There are 4 protein chains.
Amino acid sequence: MSRSPIKVGILGATGTVGQRFIELLATHPYFEIHALGASARSAGKEYAQVTKWKLSTPVPESVRKMVVQECVPEPFKECGVVFSGLDHDVAGEIEDAFRTAELVVFSNAKNYRRDPLVPLMVPLVNPDHIEVVKYQQQQLKLSKGYIVCNANCSTTAIVVPLKALEVAFGPLKTVMVTTMQAISGAGYPGVSSLDILDNVVPYIGGEEEKIEWETSKILGGVLPGATGFDLHAANPLTVSANCNRVPVIDGHLACVSVQFAAETKPSIDEVRAAFSGFVTEAQTLKCPSAPGQAVVLHDAPDRPQPRLDRDLYAGACVSVGRVRDCNIFDVKFVCLLDNVRLGAATSSVINAEIAVEKGYIV
Amino acid sequence: MSRSPIKVGILGATGTVGQRFIELLATHPYFEIHALGASARSAGKEYAQVTKWKLSTPVPESVRKMVVQECVPEPFKECGVVFSGLDHDVAGEIEDAFRTAELVVFSNAKNYRRDPLVPLMVPLVNPDHIEVVKYQQQQLKLSKGYIVCNANCSTTAIVVPLKALEVAFGPLKTVMVTTMQAISGAGYPGVSSLDILDNVVPYIGGEEEKIEWETSKILGGVLPGATGFDLHAANPLTVSANCNRVPVIDGHLACVSVQFAAETKPSIDEVRAAFSGFVTEAQTLKCPSAPGQAVVLHDAPDRPQPRLDRDLYAGACVSVGRVRDCNIFDVKFVCLLDNVRLGAATSSVINAEIAVEKGYIV
Amino acid sequence: MSRSPIKVGILGATGTVGQRFIELLATHPYFEIHALGASARSAGKEYAQVTKWKLSTPVPESVRKMVVQECVPEPFKECGVVFSGLDHDVAGEIEDAFRTAELVVFSNAKNYRRDPLVPLMVPLVNPDHIEVVKYQQQQLKLSKGYIVCNANCSTTAIVVPLKALEVAFGPLKTVMVTTMQAISGAGYPGVSSLDILDNVVPYIGGEEEKIEWETSKILGGVLPGATGFDLHAANPLTVSANCNRVPVIDGHLACVSVQFAAETKPSIDEVRAAFSGFVTEAQTLKCPSAPGQAVVLHDAPDRPQPRLDRDLYAGACVSVGRVRDCNIFDVKFVCLLDNVRLGAATSSVINAEIAVEKGYIV
Amino acid sequence: MSRSPIKVGILGATGTVGQRFIELLATHPYFEIHALGASARSAGKEYAQVTKWKLSTPVPESVRKMVVQECVPEPFKECGVVFSGLDHDVAGEIEDAFRTAELVVFSNAKNYRRDPLVPLMVPLVNPDHIEVVKYQQQQLKLSKGYIVCNANCSTTAIVVPLKALEVAFGPLKTVMVTTMQAISGAGYPGVSSLDILDNVVPYIGGEEEKIEWETSKILGGVLPGATGFDLHAANPLTVSANCNRVPVIDGHLACVSVQFAAETKPSIDEVRAAFSGFVTEAQTLKCPSAPGQAVVLHDAPDRPQPRLDRDLYAGACVSVGRVRDCNIFDVKFVCLLDNVRLGAATSSVINAEIAVEKGYIV
């Protein structure tokens, strides 16, 4: 591809997810950072002065002196895409205002994930959902603007390997999942150190419900005529989730047990082959941020581990290991996702790359 | 009880579990530390000189200058009980030699847990298994010596609440469990800090098998005539376990989903009542180390937590929280055990207290 | 002592320090918790409902259902002592109002520490400073009310061993100190886990200045006639401090190098003897919360350590170890303080016990 | 430079430092990995099979199937340089044998650091020491072989900024340093997690002595005729060190106070300029692994921090911050070094690059 770069904006640019957007987009082959949006308190000042940068790479030079804008459409009007890392308490109104102003929004916020007009897109799982944005525009009488959401980080961790299984062996019946989630998933300042040092917190508000619900929308298909999402297509899938916060900086780990809907069960070797052979449309479209492998299969009995494996393919893949028989269901395994990359900003970016490749961003 | 104190010995006295035995027994109302056994390297020296004491309470004064013995029966011959905190690589031979020398051994090692003559006793679950020691003596032609084992720490964490459910609602059909286990479970030096800081290791060698197997022996009954253990009594129980090591010092946490065998399912309120109302024989026998409550039920949505709750009742109870419906099975909950106390030394000590109360130690 | 219990109040009762006050005072031989003060938001509700209790011991039964008051003098008027664990942003006004209402305030807040009328009292160091409260009352035309402050936690960690050296060898000339401070020193939620996991933060705002300044007031004497504090009495002492936050829950560790003012230098053995032989007035007065030893001297080369040694004497002592020659100054050593106990609430409580014994609380 | 690649060997290739050598050399512009040496147990097997790889980047493809050799000279005879990451208990004999076999050894081990014939070279500090290798060869009657050591990691952390000060303001008189060192400095398995979670260990065996002694050799000059090292050249420098282990994975932090020998003291601004303007010969020689800046000066009051700053310039620089007046000496500051890179393997590699540029490797 050798088109001229598409100008992009970043909302919530000083926050945890916003910083990741900046890191990913500062040297992106398709996109060029054009505008940064943050709270009124930061607006009018240089980015480097108002951000508490928390990444181990320095603030990109191209962004240091960029003047931060308020989160209103006007300064973003030249943007071909606006990425939103806003907190959910403000994301709802702002993203809607941007869409109404005919801007394209790829959002990491949860506000529109359950909206029947909005694709809930995990780039390695359901890129076909993008086509519902035309119906979204039609219903809202818009010509260019739309919203696409990516999924919650812990949902993303499991739907990628579940999709690999579904592609190979058909629908799933039952999924039991227990997560061990990193502190960065709660943002900054997020989790108090007094709550998590030498500790595990066996509860993350709303998280289990998100996993149980989002999985159905993502693994479900698109309704005929692309007029919405078929939540029943993923039936008879039942998901039960247990979510825990652990003292890990980045990387959500999950223990998953799966029962297939079909009578005939694949062998462990067949399941392993399904994981390592899983190829996604983001890869065949040659999206620049797509990982070399969607699912990296580990052979060592004690892998994947967050600290050692979260950086594989720049955090854009899901690692899977310990594939083995389950006494109760058909197969169990462990999976790992970099929650701040494929679990957040990287998902939005690959989603936008898919949209570019498919002609939804111009 | 106002009998004169029973002399006890501690094998593996310088190790992690041995230190806990010393802490528990230094001021015990029934027992008096009489002999300490360790490796030949330490034998002949004062305890304080050869131990790398790792507890936050100081070495008890009464033990500091006690001369350490080799792990042979002779110096322990006056002991009414010998507690074993030996590593499994030496426990098998040494414990057998002690039993053959007509000594009573309460062991934390795994070597004899699957032995059909040896009770695998969790003091808050199956104290009735003690009566099989008579058959053990008879088969081995011994008059006084026998071995009793306590369970693996992660097994103990779940069988206590499972027993409470079984007592209230009858047999269980299915148990899915994912553990998050403390580093102290691996002993000292045990887990390298490079392996666990900012990390989770989703594998503990042999641990899942122990949970899956031990649960059946513990929840199973005693054969007619107390000639062994009825592994089938716990049927149709199927257990599937996922074990993880997390950067927590003490306290194993587990997420558990349970399906009852009976058609009629209890309500969540009934399950909660079963937990909080669970009373064990260790309590009714007034064993001095038994907890005030066997299962402590937590109401806060984010409890139990290892750091905040592991010290309840001096680590002799199991905490349960988040009792709620499971989308797949009947009920799910979180439980917490202090792995170095009820999960190890405290179990052996309460087991011995039960044996005293029932007349098996004289 | 067998007087009837003195009613006490606790301000900031739901905070980190307030919770420690409750833990210490719930079973105190002199004091009885009579009133709990917190923000208007909590006032009128039961304590257990409004506190996010973060200690590993449960909320004392006697306090659970106590109704929380606003921090105004009226509901505390029967209190013989009011302990303040208030944040500094509100402590100034509230503590002054309590004093004006003729109440006795022992405060952990920093607001009045530099006040020339207010004793800055470390109970194991300068209990004689209490007598200045009479001058405080006289100047403010009060008959009963006064304020006494305890020192900043990191200051407390070093002044106790420095006092032991001064008592034995006369004035000090130079003290270089580098601290490694626990996260609990910053309160709750305090330090974000993203800032401190796998990290050290080499900066704590205002902390170095506090150590450098407070040390002079504490080690200085009382002016003739007890009309204030002789900051010059500690001359020629110069202190240079470096403060760091480390991922430790409780326990501030410090590396200290000291130069004595006198020409003749003590030997390392003499310094060790000065530490282990240090006896304080809090001990001779038999204050119930005073530690068995003011300074616990460790022989092992790698002690004291926060996790293993912070609980000695219920956190009311200072641990000292690694006493050795310094290439630059005369002697260097490592010291450890439990910042949430002797570094905060325990100091206030022992200060109040001293005041009782000396007749300043009636 | 467009010479053909120099074949290199790596001793101790499966260890912590050896893995870093492999990571650095797998894509190096001058060097090509030719032979890997490890213990007899690993010899004869493929590298990927015998290493417990602990880096977050995968084992380089070019090395995975390389067959590991025993640490004897024969299989390394074609190597222009042999890098040694051996443990000190075997490094002495093996490195000597390699040198005797006319091989050039750049070693991270401590064995020859105090040898009067062996340069103790920190690449950003004393590259001129390399010329003593000619005298080393002459004394040992060798034509090609020699040994060069790099310094201990914590020494390296401080000598780089100290050299910057010395270059700008002349000799130093006094250096007081307190380190907070990462667990990776102790190798693998190294520090037990039970010793360091929620803890600081205020002792690292031999470390304080290394800092105090090595600093003099490194900052000292070369004797006339390059016949050794002038330990007195660094006089009147006195160093006093306090070393602590903290729960940080990578990155040694140090608090340093410095007194200059000269009467006239630089201002803080002049000191800051000396740090940020420090240029080293490794940079002017354009060594490929030299950092863009030798000392990165931080302005934020709470930087440098290990987790956020250790990756700057791929861990090849030293970060300095908090430059300010010291109440006792002239200036104090905080510095940070990536102990596993510039503190170990990267130092050896830049040292070898310097040797190439200066014609000592052919």
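**Chat about a predicted model**

Tutor: Chain A exposes about 12,400 Å², and carbon and sulfur atoms supply 49% of that area. Keep in mind that this is a predicted model.

Student: OK. What is the secondary structure of chain A?

Tutor: Chain A has 12 helices and 14 strands.

Student: And what box do its C-alpha atoms fill?

Tutor: Along the principal axes, the C-alpha atoms of chain A fill a box of roughly 60 × 50 × 35 Å.

Student: How much of chain A is buried?

Tutor: Of the 362 residues in chain A, 63% are buried.

Student: What about contacts along the chain A sequence?

Tutor: Take the contacts in chain A between residues at least 6 apart in sequence: 75% of them join residues at least 24 apart.

Student: Charges next. How many positive and negative side chains does chain A have?

Tutor: There are 33 positive and 39 negative side chains in chain A. The centres of the two sets lie 3 Å apart.

Student: Now chain B. How many residues does each side bring to the contact with chain A?

Tutor: Chain B brings 47 residues and chain A brings 47 residues. The area buried between chain B and chain A is about 3,700 Å², with carbon and sulfur atoms giving 57% of it.

Student: Which residues in chain B lose the most area to chain A?

Tutor: Those are B:Asp198, B:Pro202 and B:Ile328, which together account for 17% of what the chain B side buries.

Student: Why quote an area for an interface?

Tutor: The size of an interface is often given as the accessible area lost when the parts come together.

Student: And how about chains C and D?

Tutor: In that pair, 47 residues of chain D are in contact with 47 residues of chain C. About 3,700 Å² is buried between chain D and chain C, and carbon and sulfur atoms give 57% of that area. On the chain D side, D:Asp198, D:Pro202 and D:Ile328 supply 17% of the area buried against chain C, more than any other three residues.

Student: Let's pick one residue. Where is C:Phe21?

Tutor: C:Phe21 is in helix 1 of chain C, which covers residues 16-25.

Student: Is C:Phe21 buried or exposed, and why?

Tutor: C:Phe21 counts as buried because its relative accessibility is 0%, and the cut-off for buried is under 20%.

Student: What is C:Phe21 in contact with?

Tutor: Leaving aside neighbours within four places in sequence, C:Phe21 is in contact with several residues, including C:Ile10, C:Phe83, C:Gly85 and C:Val349. C:Phe83 is 62 residues from C:Phe21 in sequence, but their C-alpha atoms are 7.7 Å apart.

Student: Which peptide bonds in chain C are cis?

Tutor: Two examples are the bond from C:Tyr188 to C:Pro189, with omega near 0°, and the bond from C:Arg303 to C:Pro304, with omega near 5°. C:Pro189 is in the loop between strand 7 and helix 7, while C:Pro304 is in the loop between strand 12 and helix 11.

Student: Why point those out?

Tutor: Most peptide bonds are trans, and most residues other than glycine have a negative phi.

Student: So where is phi positive?

Tutor: A:Ala314 has a phi near 55°, and C:Tyr313 has one near 50°. A:Ala314 lies in the loop between helix 11 and strand 13 of chain A. C:Tyr313 is in the loop between helix 11 and strand 13 of chain C.

Student: Last one: how exposed is C:Tyr313?

Tutor: C:Tyr313 is partly exposed, since its relative accessible area is 39%.

Definitions and conventions. Residues are numbered from 1 along each chain as its sequence is written. Chains are lettered from A and ligands numbered from 1 in the order in which they are written. This is a predicted model: local features need pLDDT of at least 70, side-chain atom pairs count only at pLDDT 80 or more; totals for chains, interfaces and linings use all residues. Side-chain values use heavy atoms; hydrogens and water are left out. Helices (H or I, at least four residues) and strands (E, at least two) are DSSP runs, numbered from the N terminus. Buried means under 20% relative accessible area, exposed over 50%, partly exposed in between (1.4 Å probe, protein chains only). Contact means heavy atoms within 4.5 Å. Accessible areas come from the Shrake-Rupley method with a 1.4 Å probe; for residues, only the protein chains shown count as cover. Lys and Arg count as positive and Asp and Glu as negative; His and the chain ends are not counted. The place of a charge is taken as NZ of Lys, CZ of Arg, CG of Asp or CD of Glu. Buried area is the accessible area (1.4 Å probe) that two parts lose on being put together, summed over both.
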